[in-house]
Amino acid sequence: MPPASTSIRIRVRMTARAVDEPHRVSSQLELLFDLTFVVAVAAVTARLAHAVAAGHGLTGLVPFLQVFFAIWWAWMNFTWFASSYDTDDVAYRLLTMVQMAGVLVLAAGVPAAAGHSDYGIVTLGYVIMRIGLVAQWVRAGLEDPAGRRTALRYAAGVTAMQVGWLLRLILTDTGVLPESAGLVTFVCLVVLELAVPGWAERARATNWHPHHIAERYGLFTIILLGESVLAASRGVEGALEAAEIKASFVVIAGCALVLLFALWWLYFLVQAGEGLSDRRHRSYLWGYGHYAIFAALAALGAGLEVAVEQSGHAASPSALGYAVAIPAGVYLAVLWAVHTLITAEPVMRPGAVLGGVVVILALPLAAPGIGVAAVVG
């Protein structure tokens with residue numbers, strides 16, 4: 001890398017960065033990149049909240065998980081590449097901007113995808129993103145002889161998967177692929193997507209930085225917690241417009257803040273950088289496990305939004321209680337699992353976690369009697 005005093009990097013040879021590079025932190029470009037995902041996550045959370053409010057939470061769950069996977073995987077692809085090959089020169093910045101444009105196109109397609117299973121715009125967004133990503137991997141392959149095979153494998157794997165998604169879209173739109181096979185093909189393509197990094201890195205592992213990755217995941221967790229705060233504030237606005245200000249409203253709004261604060265506290269009980277440094281072989285499980293953590297936080301935001309907005313007059317108190325309880329329970333269980341992967345001794349006792357999850361998931365059954373406010377509390 002050029003010296004820190006260099007202000008403009010026209011071109012820097014793309015070679016793998018050191019895994020033990022001192023003081024490695026997220027760049028300003030990475031932070032800007034994350035902001036584009038705020039738009040996408042807000043869109044998918046709003047769609048799920050709409051489904052929950054209409055009493056179709058279960059129906060809206062599968063489209064939510066599908067669209068959220070697209071958002072999460074796009075973020076993952078960029079994050080792990082940047083941890084190994086961030087040169088921060090002009091070409092790198094411009095190709096990152098291309099990927100950001102793709103994320104915004106994806107966000108524009110969220111309503112159609114979540115509401116009508118129309119993935120045309122989402123797929124277009126992915127095509128744009130992957131043009132930038134594949135170009136980055138090809139550049140790494142050309143300029144970094146040591147990591148050439150791995151980089152070119154990534155480029156080939158990502159390209160092949162994008163062709164697969166395009167074929168799925170074409171076959172679905174033309175009626176060749178029956179609607180009943182849509183979910184099955186989606187799951188198959190997801191499994192293949194998740195397999196690409198493992199296949200590519202058999203040639204040679206990339207030089208991702210453990211502390212940098214831990215920080216990136218922590219920052220995205222904070223973004224999702226912020227989205228939940230935003231969703232809850234939308235619920236407050238809806239309740240205020242409907243003049244539904246009751247004691248239950250105050251309880252739910254206050255406890256929503258406490259709940260989100262507690263989830264933040266639990267996540268950062270473990271400094272993941274040290275654990276990932278000592279247990280790099282568990283990075284796949286740790287990284288992939290965060291899909292459930294991130295999705296749970298986004299779903300929790302949708303549940304809290306509706307709970308606040310419908311405080312005191314929920315048509316189905318149990319269903320609304322579960323819209324909050326299930327994401328909270330999933331978050332707690334999966335967080336314990338990913339923490340355990342990278343720590344010698346778990347910071348949360350298994351018995352306490354299991355007991356907490358059981359209580360959380362049982363509480364909504366009592367919602368018709370005690371009310372949604374008591375469940376959230």
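**Before you start**

This is a predicted model, in which local features need pLDDT of at least 70, side-chain atom pairs count only at pLDDT 80 or more, and totals for chains, interfaces and linings use all residues. Residues are numbered from 1 along each chain as its sequence is written, and side-chain values use heavy atoms, leaving out hydrogens and water.

**Stop 1: the core**

Select Phe68, Leu106, Tyr217, Trp286 and Phe294. These residues have the most contacts inside the largest nonpolar core, which has 101 residues. A nonpolar core is a set of buried Ala, Val, Leu, Ile, Met, Phe, Trp, Tyr and Cys residues joined through side-chain atoms within 4.5 Å. Buried means under 20% relative accessible area, exposed means over 50%, and partly exposed is in between (1.4 Å probe, protein chains only).

Which helix gives the largest share of this core? Select residues 57–85. This is helix α2, and it supplies 16 residues. Helices here are DSSP runs (H or I, at least four residues), numbered from the N terminus.

**Stop 2: Trp286 and Tyr217**

Now select Trp286. It is buried, at 2% relative accessibility. Contact means heavy atoms within 4.5 Å. Leaving aside neighbours within four places in sequence, Trp286 is in contact with Ile213, Ala214, Tyr217, Tyr267, Ala272, Leu276, Val338, Leu341 and Ile342.

**Stop 3: aromatic pairs**

Rings of Phe, Tyr and Trp (its six-membered ring) pair if their centres lie within 6.5 Å; planes under 30 degrees apart count as stacked, over 60 as edge-to-face and the rest as tilted. By this rule there are 32 aromatic pairs.

Select Tyr85 and Trp137. Their pair is edge-to-face, with 5.9 Å from centre to centre and 80° between the planes. Tyr85 is in helix α2 and Trp137 is in helix α5 (residues 120–143), so the pair ties together parts that are 52 residues apart in sequence. Tyr85 is buried at 3% relative accessible area, and Trp137 is buried at 4%.

Tyr217 sits in helix α8 (residues 210–241) and Trp286 in helix α11 (residues 283–309), so the pair ties together parts that are 69 residues apart in sequence. Tyr217 is buried, with a relative accessible area of 0%.

Tyr217 and Trp286 belong to one aromatic cluster, along with Phe33, Phe37, Trp75, Phe78, Trp80, Trp208, Phe220 and Phe294.

**Stop 4: Gln99**

Select Gln99, in helix α3 (residues 90–108). Is Gln99 buried or exposed? It is buried, at 4% relative accessibility. Not counting residues up to four places away in sequence, Gln99 touches Phe33, Phe78, Met129, Gly132, Leu133 and Gln136.

**Stop 5**

Select residues 247–267. Helix α9 has 21 residues and reaches 31 Å from its first C-alpha to its last. That is close to the 30 Å expected at 1.5 Å a residue, where the expected span is 1.5 Å times one less than the number of residues.

Colour the buried residues: Ser248, Phe249, Ile252, Ala256, Leu260, Leu263 and Tyr267. Why do they lie on the same side of α9? They cover an arc of only 105° around the axis, which puts them there. The arc is that of the directions from the helix axis to the C-beta atoms.

The face away from the buried side carries the exposed residues Ala247, Val250, Leu257, Val258 and Trp265.

**Stop 6**

Select Leu320, in helix α12 (residues 317–342). Leu320 is buried, at 4% relative accessibility.

Next, select Glu179, in the loop between α6 (148–173) and α7 (182–200). Glu179 is exposed, at 77% relative accessibility. Glu179 and Ile326 are 147 residues apart in sequence and 28 Å apart in space, C-alpha to C-alpha.

**Last stop: positive phi**

Select His23, in the segment before α1 (28–53). Its phi is near 60°, a positive value in a residue other than glycine. His23 is exposed, with a relative accessible area of 78%. Finish at Asp88, in the loop between α2 and α3. Asp88 is not a glycine either, yet its phi is positive, about 55°.

Terms used
Helices (H or I, at least four residues) and strands (E, at least two) are DSSP runs, numbered from the N terminus.
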